[in-house]
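Welcome! Here is a short tour for someone meeting this protein for the first time. Take a look at the sequence and the model before reading on.

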Amino acid sequence: LSLRPLKQDDNKNYDFTIYLMDISYFSGKIEIYYRFKSIEYKRIESTSYELLHFIGKNTGTSQVPVVYDNRPDINETNRWLRDSTYIIEYLENNLNNNSKSVYPDCVIQKFFCQLFEDYADEFLWRPAMYFRWAPDYDYYSMGLRFTYEFARHLPANIPNLFSIRPNIISLRQWFYSIYCEDINTNEKHN
């Protein structure tokens, strides 16, 4: 397993294209899976334009990660894959690359592995969101990074894009992680 940045050949036809965002918990999960299985893929860091006009039209959602299966023998209805757990399950069942499964062979161990994965996906992302957006330093730096990565396709002549927008995005993320997750009192917040 290599955690070094992925080197891509733009002229190569990859079997898979992953649309992701670097700061996405679930994008990291999918990318680690592909690296663990030594599956080559094209990595595309999604912008707001791609999410709204390309990914959204093809998948019905504007969330990442999504995977496009470029293999020629795949049914058109199975080309677009979304939801990290489903993507991994799909690849475990449909990809024959002679590598060991990420799941244990024992049915009981596999059950607990999937139970823990479900717990992490459904419950641990909440504290991750909170700690990403609540501390002052992270609040601003993540907002700036998110703005740069997500809005980099916008024209450069938009005034104050990188001085105002990070604060708006950070406030939105902080608000969501606090009030939409029932952390609305000082006792729960501290």
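Which residues does Tyr-34 touch, not counting residues up to four places away in sequence? They are Phe-16, Ile-18, Ile-39, Tyr-41, Val-67 and Leu-91, where contact means heavy atoms within 4.5 Å.

## About the model

This is a predicted model, in which local features need pLDDT of at least 70 and side-chain atom pairs count only at pLDDT 80 or more, while totals for chains, interfaces and linings use all residues. Residues are numbered from 1 along each chain as its sequence is written, and side-chain values use heavy atoms, leaving out hydrogens and water.

## The overall layout

The protein chain has 7 helices and 4 strands; helices (H or I, at least four residues) and strands (E, at least two) are DSSP runs, numbered from the N terminus. Starting there, the order of elements is β-α-β-α-β-β-α-α-α-α-α.

Of the 190 residues in the chain, 36% are buried. Buried means under 20% relative accessible area, exposed over 50%, and partly exposed in between, with a 1.4 Å probe and protein chains only.

## Two nonpolar cores

A nonpolar core is a set of buried Ala, Val, Leu, Ile, Met, Phe, Trp, Tyr and Cys residues joined through side-chain atoms within 4.5 Å. The largest has 17 residues, and those touching the most other members are Phe-16, Ile-18, Ile-30, Tyr-34, Val-67 and Leu-91. Strand 1 (16-20), helix 1 (25-36) and helix 3 (84-94) are the elements that give two or more residues to this core. Helix 3 contributes the most, with 4 residues.

A second, separate core has 8 residues, including Met-21, Ile-44, Ile-55 and Val-66.

Helix 2 (residues 48-59) has the buried residues Ser-48, Leu-51, Ile-55 and Thr-59. They lie on the same side of helix 2 because they cover an arc of only 80° around the axis, taken from the directions from the helix axis to the C-beta atoms.

On the face turned away from this buried side, helix 2 carries the exposed residues Leu-52 and Lys-57. After helix 2 comes Gly-60, with a positive phi near 85°.

Tyr-119 is found in helix 4, and Tyr-119 counts as partly exposed because its relative accessibility is 42%.
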